[in-house]
Structures are given as structure tokens and as C-alpha cells.
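Subject: Structure for your records, with notes on salt bridges

Hello,

Here is the structure I said I would pass on.

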Amino acid sequence: MASYIDKALLPDERIVYFAHLHWVLYLKGLMITIFGGVLGFYSHAIVNAIFGTNFGSYLGKPLAGAALVIVIMGTALLAGAYLRQTSTELAVTNRRIIAKYGFISRTTFEIMISRVTGSNFEQTMVGRVMNYGTILVHGAGGEISPFDMVAHPEEFQRALMFVLEHVQSGFMPKDKLLIDKM
């Protein structure tokens, strides 16, 4: 099955850079799932340590049930992160920037390269260490379009600047494309 971007390409349009969301999307769901698993596994020991052995048999099962609910919530967050990562497509082509979000309902964003006035990216300290960030694309009308949690934001910006430079000069080399489809 072809991706949205592959189907949306215009005649003689080529993908210069294909970006993806960073795996850090999974971190919150993973931490909650692990916390729930550990809490469930040690529920009787926790109750015994806090309330003594008399209450262990009464409160251990409800605590294990609460831990199961936490594990289910964490698993739901992991599934949501997976859907978000697999249903998001971001690309810079030799003519436009294309972004598609959503699995069941779909939101697309496309801006012609000639309407882009610049871009920058933001990274937190953690984002810099783990190499993800938010890319801000500036349009000619003053609008700013953010792309959040993008892996390797410097490469995305470099590809965009490469295309902008070559579109403005009127020459786009066909042999120097940066295609990155991971």
C-alpha cells in the first residue's frame, strides 16, 4: 500500500527528505506500563511492608487490581503512540513540504516551497541529547507550522534549506537528493 505522500506527489516531483517521529513518543506509555507491572508484581509485599502481614491478604488483591488498570492505561498509551508514529508522514520534496497526520481521520498540511520564508527548530536539553525536536516552518503569510517530536530535526531543516536555496537559484540537481526513508 502506497503512502499518502507517494500518492500526493505531482508530476516530476521528488522526495528530498522523508522524516519520521522519534521513538520518545513511547516513553510515557512505557514508564506507566512498567510502573503498573512492578506495582502488581510486588503488591502483596508492599502491603505487608506498610500495614503488616495481617492486612496483606485483604489489601494485596485490590492493589494488584489497581496495578492491572495502570498497566492497561500504559498499554493504551503505547498503542496510541504507535498509531501516531505510523500514521504521520513528513516530507520535503523539490516543490513542497507535505505533512499527513491521522489514521482514521486525516489532516494534511502542504505548503509550496516558494511560499516558505524560512524555518527553525526547537530542542529541549533532553531533545538535544536524544536528537528530536519541533520544526517550525515559516510561510509567506506569516503563519508558522510546527512539526512536533521529529527525529533528527537538523537534517529536516538542512534538507529544507537545500531545497529553498536551489529553488531560488532555479537549479535543482537530480543526482544530489538526500532521500532518507527509514
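This is a predicted model: local features need pLDDT of at least 70, side-chain atom pairs count only at pLDDT 80 or more; totals for chains, interfaces and linings use all residues.

Two of them involve Arg96. One partner is Glu13, with 2.9 Å from N to O. This pair links distant parts of the chain, 83 residues apart: Arg96 belongs to strand S3 (residues 96-101), while Glu13 is in the loop between helix H1 (4-8) and strand S1 (15-19). Both Arg96 and Glu13 are buried.

The other partner of Arg96 is Glu110, and here the closest N and O atoms are 2.4 Å apart. Arg96 has a relative accessibility of 5%, so it counts as buried, the limit being under 20%. Glu110, at 35% relative accessible area, is partly exposed.

The remaining salt bridge is between the side chains of Lys100 and Glu89, at 3.8 Å from N to O. Lys100 is in strand S3 and Glu89 in strand S2 (residues 89-93), so the pair connects parts that lie 11 residues apart in sequence. Lys100 and Glu89 are both buried.

Regards

Note on methods: Residues are numbered from 1 along each chain as its sequence is written. Side-chain values use heavy atoms; hydrogens and water are left out. A salt bridge is a side-chain nitrogen of Lys or Arg within 4 Å of a carboxyl oxygen of Asp or Glu. Helices (H or I, at least four residues) and strands (E, at least two) are DSSP runs, numbered from the N terminus. Buried means under 20% relative accessible area, exposed over 50%, partly exposed in between (1.4 Å probe, protein chains only).
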